[in-house]
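Thanks for passing this one along. Below are my notes, point by point, for you to read with the structure open.

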Amino acid sequence: MLYDEESFVNSLTDFVISSLNKENSFLNNIGYRIIQDIVDTINKENNFESQGLKNVTKFLITLSEKNTKVIYSNLSTLITFYDSEFYIVRNTLSELIVNIIINILCRYDNIDEESKENYLKIKENFLKILFERIYDKSSFCRSKTLQLFLR
């Protein structure tokens, strides 16, 4: 449904967030499974319709804005987006990384010094990854990366 109808983006985002906040492991697994299925579909498909791809990327960005920790915990599967032929997917991953930096790694409230040092190292690595995106083959990706650095 997400690929065909943009109106499902917010509803699916809210469902995934609420399922991940439940103590029920079945519901919790559904939320992670939806994210995993979306990532798998993007990585396997080579002929997306542009609206379906936009809906999926909008879902991931909205999810990262509402619950960044979910994206952070799934980053190992999302990092494959940089290998995608679709520039919108590569831009989405860059935006997700920026949301992680802003919403998690730049927040030092109530953390100890060791955690703060780890956050700084991770943030530095993410910034290096974003810096490499300046050399993307798509001028649109390069431009988007510079815009994200401004954020």
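1. Let me start with Phe131, which has a relative accessibility of 45% and therefore counts as partly exposed. Please keep in mind throughout that this is a predicted model. Phe131 sits in helix α7, and it is one of the members of a nonpolar surface patch of about 520 Å². Two helices, α7 and α8 (residues 139–150), each contribute at least two residues to the patch.

2. Staying with helix α8, have a look at Gln147, which belongs to this helix. Is Gln147 buried or partly exposed? Its relative accessible area is 44%; buried would require a value under 20% and exposed one over 50%, so Gln147 is partly exposed. Along the chain, Gln147 is 52 residues from Glu95, yet their C-alpha atoms are 9.9 Å apart in space.

3. Leu63, setting aside residues up to four places away in sequence, touches Thr13, Val16, Ile17, Ile35, Thr68, Val70 and Ile71. Leu78 is placed in helix α5 and has 0% relative accessibility, so it counts as buried. If you want a distance for reference, Leu78 and Glu117 are 39 residues apart in sequence and 24 Å apart in space, C-alpha to C-alpha.

4. What does the side chain of Ser19 reach? It reaches the backbone oxygen of Val16, at 2.9 Å. Beyond its neighbours within four places in sequence, Ser19 is in contact with Leu27, Asn28 and Gly31.

5. On to the charged pairs. Side chains of opposite charge can pair when their charged atoms come close. How many salt bridges does the structure hold? There are seven. One of them joins Lys66 to Asp14, with the closest N and O atoms 3.0 Å apart. This pair links distant parts of the chain, as Lys66 is in helix α3 and Asp14 in helix α1, 52 residues apart. Lys66 has a relative accessible area of 45% and is partly exposed, and Asp14 is also partly exposed, at 40%.

6. A second salt bridge to check is the one in which the side chains of Asp136 and Arg90 meet, at 2.8 Å from N to O. Here too the pair links distant parts of the chain: Asp136 is in the loop between α7 and α8, Arg90 is in helix α6, and 46 residues separate them. Are these two residues buried or exposed? Both Asp136 and Arg90 are buried. The pair is also part of a network of salt bridges that links Arg90, Arg133 and Asp136.

7. Lys128 and Glu124 both lie in helix α7, four residues apart, which is about one turn of the helix. Lys128 is partly exposed, with a relative accessible area of 48%, and Glu124 counts as partly exposed at 45%.

Terms used:
Residues numbered from 1 in each chain as written. Predicted model: local features only at pLDDT ≥ 70, side-chain atom pairs only at ≥ 80, totals over all residues. Heavy atoms only, no water. Polar contact = N/O pair within 3.5 Å; in protein donor to acceptor, adjacent residues only side chain to side chain. Contact = heavy atoms within 4.5 Å. Patch = residues over 30% accessible without salt bridge, like charges linked within 9 Å, V, L, I, M, F, W, Y side chains within 5 Å. Areas by Shrake-Rupley, 256 points an atom, 1.4 Å probe, with all protein chains shown as cover. Salt bridge = Lys/Arg side-chain N within 4 Å of Asp/Glu carboxyl O. Buried < 20%, exposed > 50% of the residue type's maximum accessible area, 1.4 Å probe, protein only.
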